[in-house]
Amino acid sequence: MHPEREAKLHDYVQLMGFAPGGWGRDMLAATGLTVAIAACGFLTSVLLGALGAAALLSHLSILRAAGRLYTTVLRGIPDLLVIYLFYFGSSQLLALLSGGSGGFVGAPSFLTGVLAIGVVAGAYQAQIFRGAVQALSRGEIEAARAYGMSPVTLFRRIVLPQAVRHAIPGSGNIWQLVLKESALISVIGLVELMRQAQIGAGSTRQPFSFFLTAAALYLVITFLSGIAFRSLEARATRGIRKAV
Amino acid sequence: MIDTSFLASSLATLVKGIPLTVQLSMISVSVGAILAFGLALMRVSGNAALDLSARAYIFVYRGTPLLVQIYIIYYGLSQFPALRHSFAWPYLREAYWCAVIALALNTAAYSAEIIRGGILSVNAGQVEAARACGMSQALMFRRIVLPQALRHMLPAYGNEVILMIKSTALASTITLMDVTGIAAKLVSESYRPIEVFTMAGAIYLLLTFIASHGFSLFEHAVTPDRRQPAPHRPAEPPETLQHG
């Protein structure tokens with residue numbers, strides 16, 4: 001290798017290393033926080049998505065309209081704006097509640113960030129769950145009713161196992177979306193991977209090295225979780241005959 | 001309770017950001033579409049080297065957050081003195097061009113897979129028939145494959161364009177004054193985040209609504225074959241058969 005390049009590579013390894021003065025430990029800890037945000041945001045989106053899908057499939061027209069309003073609005077505005085609204089909006093509300101004279105009350109950034117990305121992803125998730133339920137065969141539901149299953153048993157034994165199977169590929173995409181969106185939470189100051197990279201870039205004046213490292217770490221997570229979701233899908237469909 | 005004059009004045013300020021938001025979306029979507037077309041051709045070319053490099057590009061761009069991509073281009077590239085002294089620097093120094101480049105490169109990766117899906121969805125029998133008629137590769141692509149591929153990919157591509165309109169909000173993180181940028185500035189001046197961000201959200205909702213409506217009108221216009229034929233109305237009621 002060219003000596004100059006070798007020196008550059010050596011500098012980079014030092015910079016991202018785990019020895020004193022290296023940023024490796026900080027970057028890895030921030031990666032852990034990113035995964036934690038994404039996992040909590042994803043769980044929130046599953047809960048909200050289930051509620052949203054129940055509303056979309058409801059017999060009551062007012063619930064259907066509410067479900068449509070939720071999925072249309074949250075899928076039509078930028079996620080960054082939702083994060084800003086949740087963070088600054090809840091600070092505004094906290095300031096009002098504390099009866100203060102307008103001083104800034106910082107909202108907890110982890111909680112607001114997780115809620116914001118969970119609410120956005122929940123809108124996408126609701127449509128995926130709705131499609132998964134609608135893909136069920138009508139005959140099976142009629143057969144379950146004819147057997148005298150109560151709606152709860154019918155849902156638990158017939159609808160849920162199949163709907164989960166149909167929803168896995170779509171939910172895998174939502175997981176990737178949530179993971180990438182977690183980077184936006186850096187704008188409200190939470191030190192996850194993106195923010196940590198900004199801090200490192202600012203204090204060492206080596207922005208490219210830090211942002212490229214962050215990109216590589218995101219790529220590793222999306223790659224590994226892609227494998228996980230594919231094997232989950234293979235497991236869930238192991239009893240299904242494939243046409244192609 | 002609701003201060004309508006504040007809402008009206010902030011709406012009037014926010015509207016000034018619409019041209020930049022629309023401009024960023026249009027330029028990056030157009031440039032991205034050209035790049036995506038090239039990538040899709042590389043993917044279906046049958047040449048292993050071209051296919052692999054397009055795959056790698058798409059994998060990296062879809063696996064990392066857009067914010068990291070924007071920061072690498074805007075902040076990261078300044079780390080290289082050689083680049084700082086090159087002809088490209090006057091452009092790469094500008095937040096506007098960095099945003100356009102980052103958005104275009106990002107949408108190219110997603111759109112390429114949509115275009116590839118459209119190309120692959122064309123009926124193999126038609127391609128064989130075109131070959132049997134003696135069409136050259138280019139003529140067949142232009143007359144048979146492309147027109148049908150475009151129709152098949154329209155719904156997915158419409159979604160991608162809407163995602164891009166929302167993604168332009170990230171340009172505000174590198175100092176651009178689009179709708180989100182103006183909203184953040186207004187909030188820091190007035191400290192009324194709920195009102196301002198809600199108004200900004202309404203503007204994006206309108207933009208994405210127009211885009212999705214435009215795409216469905218366009219899809220309707222180019223797919224006359226999918227429409228229900230006009231019901232046949234005979235001038236006189238048909239005679240009913242008399243029994244017995």
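In the predicted model, helices H9(B) and H11(B) pack at an angle of about 165°, and their axes lie 10 Å apart. An angle over 145° counts as roughly antiparallel, so H9(B) is roughly antiparallel to H11(B). The crossing of H9(B) past H11(B) is right-handed. On the H9(B) side, the contact is made by B:Arg151, B:Leu154, B:Pro155, B:Tyr157, B:Gly158, B:Val161, B:Ile162, B:Ile165 and B:Lys166. These meet B:Tyr204, B:Leu207, B:Thr208, B:Ala211, B:Ser212, B:Phe215, B:Phe218, B:Glu219 and B:Val222 in H11(B). By class, the residues of this contact divide into 12 nonpolar, 3 polar and 3 charged.

H11(B) also packs against helix H10(B). H10(B) spans residues 179-190 and H11(B) spans residues 193-222. Their packing angle is about 165°, with the axes 9 Å apart. H10(B) and H11(B) are therefore roughly antiparallel to each other. H10(B) passes H11(B) in a right-handed crossing. From H10(B), the contact draws on B:Val179, B:Thr180, B:Ala183, B:Ala184, B:Leu186, B:Val187 and B:Ser190. From H11(B), it draws on B:Pro193, B:Val196, B:Phe197, B:Ala200, B:Ile203 and B:Tyr204. The contact of H10(B) with H11(B) has 11 nonpolar residues, 2 polar residues and no charged residues.

The loop between H10 and H11 of chain B holds B:Tyr191. B:Tyr191 has a positive phi of about 50°, although it is not a glycine. Its relative accessible area is 26%, so B:Tyr191 is partly exposed.

A further partner of H11(B) is helix H1 of chain B, residues 4-15. H1(B) and H11(B) pack at an angle of about 50°, with their axes 10 Å apart. That angle makes H1(B) oblique to H11(B). H1(B) passes H11(B) in a right-handed crossing. H1(B) supplies B:Phe6, B:Leu7, B:Ser10, B:Leu11, B:Leu14 and B:Val15 to the contact. H11(B) supplies B:Glu195, B:Val196, B:Met199, B:Ala200 and B:Ile203. This contact of H1(B) with H11(B) comprises 9 nonpolar, 1 polar and 1 charged residue.

B:Thr21 is found in helix H2 of chain B, residues 18-44. At 1% relative accessibility, B:Thr21 counts as buried. Leaving aside residues up to four places away in sequence, B:Thr21 touches B:Thr168, B:Asp178, B:Val179, B:Tyr204 and B:Leu207. B:Tyr204 and B:Leu207 belong to the H11(B) side of the contact with H9(B).

B:Leu139 lies in helix H9 of chain B, residues 137-167. With a relative accessible area of 22%, B:Leu139 is partly exposed. B:Leu139 and B:Val196 are 57 residues apart in sequence. Their C-alpha atoms are 53 Å apart in space.

At the level of the whole chain, chain B has 11 helices and 0 strands. Its radius of gyration is 24 Å, well over the 18 Å that the globule rule gives for 244 residues, so chain B is more spread out than a compact globule. The C-alpha atoms fill a box of roughly 85 × 60 × 25 Å along the principal axes. Buried residues account for 42% of the 244 residues in chain B. Of the contacts in chain B with a separation of 6 or more, 76% join residues 24 or more positions apart.

A:Ser171 lies in helix H7 of chain A, residues 151-181. A:Ser171 is buried, with a relative accessible area of 8%. Apart from residues up to four places away in sequence, A:Ser171 touches A:Phe42, A:Gln125, A:Ile128, A:Phe129 and A:Phe229. A:Arg205 sits in the loop between helix H8 (193-204) and helix H9 (207-236) of chain A. A:Arg205 has a positive phi of about 55° although it is not a glycine. At 72% relative accessibility, A:Arg205 counts as exposed.

Terms used: Residues are numbered from 1 along each chain as its sequence is written. Chains are lettered from A and ligands numbered from 1 in the order in which they are written. This is a predicted model: local features need pLDDT of at least 70, side-chain atom pairs count only at pLDDT 80 or more; totals for chains, interfaces and linings use all residues. Side-chain values use heavy atoms; hydrogens and water are left out. Axes are lines fitted to C-alpha atoms, for helices over the stretch in contact, and angles run from 0 to 180 degrees between N-to-C directions. Helices (H or I, at least four residues) and strands (E, at least two) are DSSP runs, numbered from the N terminus. Angles under 35 degrees count as roughly parallel, over 145 as roughly antiparallel, 65 to 115 as roughly perpendicular and the rest as oblique. A crossing is left-handed if the near helix is turned anticlockwise from the far one by less than a right angle, and right-handed if clockwise. Contact means heavy atoms within 4.5 Å. Ala, Val, Leu, Ile, Met, Phe, Trp, Tyr, Cys and Pro count as nonpolar, Asp, Glu, Lys and Arg as charged, and the others, Gly among them, as polar. The radius of gyration is taken over C-alpha atoms; the globule rule is 2.2 Å times the number of residues to the power 0.38. Buried means under 20% relative accessible area, exposed over 50%, partly exposed in between (1.4 Å probe, protein chains only).
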